[in-house]
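I opened my notebook to look up a few things in this model. My entries follow, in the order I made them.

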Amino acid sequence: MRKRSHRSRIVAAVAVATALGVTGCDAVGGNSPAPSASAEPSPKPTPLWDSSPSSIAAVGDSITRGFDACDVLQDCPEASWATGVSPEVDSLAVRLLGKGKAAERSWNHAVTGARMADLPGQMTQAVRRKPQLVTVMAGANDACRSSAAAMTPISAFRSDFEDALRTLREALPKAQVFVASVPNLKRLWSQGRNSPLGKQVWQLGICPSMLGDADALDSAATLRRDTVQKRVEDYNKVLREVCAEDERCRYDGGAVHDYRFGTAQLSRWDYFHPSVNGQARLAEIAYRTVTAKGR
């Protein structure tokens, strides 16, 4: 009886050991099966930024509408840097989509005279098209007011821009955004002030805060222009900071602001808005930003 009991204990121990082995315990104490040698690696995550979107919507102001590019005091959307189909411009849409698709798969919701406060409404229109890329160029009219005192406050500018991006994100969380900096208005004044025709057009009300009394060089005029220029720089800082908070937003790094528009790049009617040549240069900047590697 004693030997039989000892043998039973041995059999029970072997059974327990076998059971433990079946559960897959390994040398390091894990309880899950070892990975199969034939398992395939996980696929790489889809990049957040796609340099070849299939549709584009543009929002903004007169620059994106091609104002004064083709005719005096008229919009010329076919020459728009963002969505135009003019072969002389080779717009961002044409470069990314091809000329045929650019006419079908790009939409221009910009409005001449628009300020940042108008951008949320434009964005509401844009998202109905479900674009994969939205271009933003706004802010010049916030600085181009009747006087320096009438310029859009920086806080309101930021709030309106954030509201516009929020409108986009709520409808299209994966849409990409290209944001252009506000041009250097003081440099445009210095380029155009030597044109008698340009100054006559300026008197019709184009950017009075910067272009008013174009020949005045006294301390008051200088202070006024410097104040406007500082506000433009502050607007660009807002564009950069707000865009940086959105992982699918790219700011041009100040490229439009830093571009030195010459007389060939400015409208021959107002020497302030981009000419067809100037629109082409804006398209180059946008394309370079959109297709750059990394963020």
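Buried means under 20% relative accessible area, exposed means over 50%, and partly exposed lies in between (1.4 Å probe, protein chains only). I noted that this is a predicted model, where local features need pLDDT of at least 70, side-chain atom pairs count only at pLDDT 80 or more, and totals for chains, interfaces and linings use all residues. Residues are numbered from 1 along each chain as its sequence is written, and side-chain values use heavy atoms, with hydrogens and water left out.

**Confidence**

I checked pLDDT, the predictor's confidence in each residue, from 0 to 100. The mean for the protein chain is 87, and 84% of its residues reach 70 or more. Over residues 1-38, pLDDT stays under 50. For that stretch the model has 8 contacts beyond four places in sequence; contact means heavy atoms within 4.5 Å. Where pLDDT is low, predicted coordinates should not be read in detail.

**Aromatic pairs**

I looked for rings of Phe, Tyr and Trp (its six-membered ring), which pair if their centres lie within 6.5 Å. Planes under 30 degrees apart count as stacked, over 60 as edge-to-face and the rest as tilted. The structure holds 3 aromatic pairs. One of them is Trp81 with Phe178, edge-to-face, at 6.0 Å centre to centre and 70 degrees between the planes. This pair links distant parts of the chain, 97 residues apart. Trp81 sits in the loop between α2 (62-65) and α3 (92-97), and Phe178 in strand β4 (residues 176-179). Helices (H or I, at least four residues) and strands (E, at least two) are DSSP runs, numbered from the N terminus. Both Trp81 and Phe178 are buried.

Next I found Tyr259 and Phe261, also an edge-to-face pair, 4.8 Å centre to centre with 80 degrees between the planes. Are these two buried or exposed? Tyr259 is partly exposed, with a relative accessible area of 24%. Phe261 counts as buried, at 5% relative accessibility.

**Ile56**

I then turned to Ile56, which lies in strand β1 (residues 56-60). Its relative accessibility is 0%, so Ile56 counts as buried. Setting aside neighbours within four places in sequence, I listed its contacts, among them Leu92, Leu96, Trp107 and Leu133. Ile56 and Arg129 are 73 residues apart in sequence, yet 8.9 Å apart in space, C-alpha to C-alpha.

**Two helices**

Last, I looked at which residues of α8 meet α11. They are Leu185, Lys186 and Trp189. On the α11 side I noted Arg225, Asp226, Val228, Gln229 and Val232.
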